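Student: I have a structure open and would like to go through its fold with you. Can we start with the sheets?

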Amino acid sequence: MLSRRGFIGSAAVLAGVAGVSGRAQAAAIPEAPSMEKAVMQPPLFPSSGPEYRPTVTLNGWTLPWRANGDWKEFHLVAEPVEREFSPGMKAHLWGYNGQSPGPTIEGVEGDKVRIFVTNRLPEHTTVHWHGMILPNGMDGVGGLNQPHIPPGKTFVYEFELKHSGTFMYHPHSDEMVQMAMGMMGMFIVHPRDPAFRPVDRDFVFIMNAYDIDPGTYVPKVSEMTNFSMWTWNSRVFPGIDPLPVRLGDRVRVRMGNLSMTNHPIHLHGHSFAVSCTDGGWVPESAQWPETTIDVPVGATRAFDVLADNPGDWAFHCHKSHHTMNAMGHDMRTLIGVSKKDLAKAVGLLAPDAMVMGSTGMAMPEMEMPMPDNTLPMMTGSGQFGPIEMGGMFTVMKIREDLARDDYRDPGPYKYPAGSVAAEVDAPGSEIPRQSPATGSEPAGKTHDMKGMKGMKM
Ligand SMILES: [Cu+2]
């Protein structure tokens with residue numbers, strides 16, 4: 001829920017604003033709301049100005065603004081925050097207004113925005129508005145375009161939202177550390193014409209990765225490749241909100257990527273088209289059908305999809321290591337190794353060790369004991385058993401009976417009778433195998449198709 005920090009003192013107003021904007025100098029700084037919960041907040045419908053259909057942010061919220069003359073004023077506070085990745089693990093990060101990532105900023109093409117940035121970090125920072133067409137002195141590269149914002153000070157950015165689209169914000173100041181600590185957010189600019197490619201639901205999230213050792217709380221900021229937590233909005237499955245969607249809705253999903261690698265994001269059961277990048281809207285004549293869209297590092301992608309297929313549809317990064325939580329990447333592959341001999345040999349060296357993984361790593365109904373403050377490598381359960389996922393995974397839940405603008409989790413999908421893959425009576429032991437010696441089919445009985453008796457529910 002929102003809490004109010006109250007107003008920043010007038011000394012900070014004068015110290016931060018002087019020399020940057022004469023127009024803002026006399027005005028009080030708007031209050032900086034803060035978010036305590038890591039749960040998707042309802043869309044923030046505009047109370048004045050041009051109409052638009054607001055976005056919702058997975059496990060996040062939209063930053064409220066106030067009108068001041070013909071300006072929209074926002075207040076970001078850069079500060080240390082505690083973020084729950086998923087129940088059972090919290091991280092000590094840096095973020096904005098109580099959470100990492102920061103709140104989504106929403107405006108409308110043609111708006112004039114004034115964004116106050118207060119620095120409550122132990123070191124200097126700046127904010128860069130990724131993808132925006134703006135005056136050079138508002139671009140936020142510390143040292144190049146502006147002085148860094150010292151700890152305790154407030155700076156103000158003023159620019160016009162020249163074009164609509166899907167943008168981001170992040171520091172351009174000790175960038176490696178500050179982004180590895182979680183400082184980032186999305187910036188959505190709605191078209192001025194509400195009839196331009198309208199959608200019924202508009203979801204937003206940003207991707208990042210963290211390297212946090214089990215039992216610890218602070219990311220290792222110098223890590224470049226070997227991350228343990230692959231997050232959407234600094235959350236991992238099963239802590240990532242589902243995307244509740246009404247059957248027949250036109251849905252837009254907007255994604256930013258400020259991790260150190262690309263993410264091929266895949267939606268099951270549908271075909272979609274990329275509608276927007278951080279460079280602008282993709283002309284309809286240039287779109288092609290996809291089920292996976294690669295989101296490069298330092299880029300945004302939005303896709304539009306007609307939700308015409310009811311059910312619980314997996315929605316995830318297709319790099320399979322990115323749908324895992326903390327795991328050791330130096331594990332040996334034990335598939336096919338006889339566990340009996342191995343267990344005997346390992347037992348001589350380490351009597352308490354447990355040998356596993358010789359038939360794969362699925363762990364039905366079982367999770368290993370763990371140190372404090374970490375998460376199982378794969379976890380989560382659905383109505384049919386363990387889901388065996390982690391990291392960048394959630395579910396788009398398409399339902400006929402959802403109300404417009406209802407974003408509550410509708411629970412598990414009720415499958416029509418006879419529509420779920422199910423076991424058949426088949427003599428599994430008699431399935432013919434390729435002969436390793438000759439490479440040919442063994443002589444004798446072939447698979448008995450008469451054993452199949454149709455699907456059961
Ligand atoms: Cu990925």
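Tutor: One term before that: two strands count as paired if DSSP finds at least two bridges between them. Note also that this is a predicted model.

Student: How many bridges join β9 to β11?

Tutor: Three, and the two strands run antiparallel. β11 covers residues 165-170. In this pair, W129 sits opposite Y169 of β11.

Student: What about the sheet with five strands, what order does that one have?

Tutor: The order is β15-β25-β22-β17-β20, again an open sheet with mixed pairing. Its edges are β15 (243-246) and β20 (292-295), each with a single partner strand, so one side of each is left without a neighbour in the sheet. From one strand to the next, the twist averages 20°.

Student: In what sense do β22 and β25 pair?

Tutor: Antiparallel, over six bridges, between residues 311-317 of β22 and residues 393-399 of β25. W313 is placed opposite M396 in β25.

Student: Overall counts, please. How many helices and strands are in the protein chain?

Tutor: Four helices and 25 strands. The protein chain has 457 residues, 39% of which count as buried. Of its contacts with a separation of 6 or more, 73% are between residues 24 or more positions apart.

Student: Now the hairpin. How many residues lie between β5 and β6?

Tutor: Two, and G88 in that turn has a positive phi of about 110°. The strands pair in the antiparallel sense over eight bridges, with β5 spanning residues 71-86. A78 stands opposite Y96 in β6.

Student: Is β6 largely enclosed or open?

Tutor: Six of the eight residues of β6 (residues 89-96) are buried, so this strand is largely enclosed by the rest of the structure.

Student: And L76, is that buried or exposed?

Tutor: L76 belongs to β5. It has 23 C-beta neighbours inside 10 Å, so it counts as buried; the cut-off is 20 or more.

Student: What does L76 touch, apart from neighbours within four places in sequence?

Tutor: Its contacts are Y96, N97, G102, I115, V117 and V127. Y96 is 20 residues away from L76 in sequence, with a C-alpha to C-alpha distance of 6.2 Å.

Student: V117 is in that list. Which residues touch the most other members of the largest nonpolar core?

Tutor: V117 and M229, in a core of 90 residues. Strand β13 (residues 201-210) supplies the largest share of this core, seven residues.

Conventions: Residues are numbered from 1 along each chain as its sequence is written. This is a predicted model: local features need pLDDT of at least 70, side-chain atom pairs count only at pLDDT 80 or more; totals for chains, interfaces and linings use all residues. A nonpolar core is a set of buried Ala, Val, Leu, Ile, Met, Phe, Trp, Tyr and Cys residues joined through C-beta atoms within 7 Å. A residue is buried if 20 or more other C-beta atoms lie within 10 Å of its own, exposed if 12 or fewer, and partly exposed in between; C-beta atoms are placed from the backbone. Axes are lines fitted to C-alpha atoms, for helices over the stretch in contact, and angles run from 0 to 180 degrees between N-to-C directions. Two residues are in contact if their C-beta atoms, placed from the backbone, lie within 7 Å.
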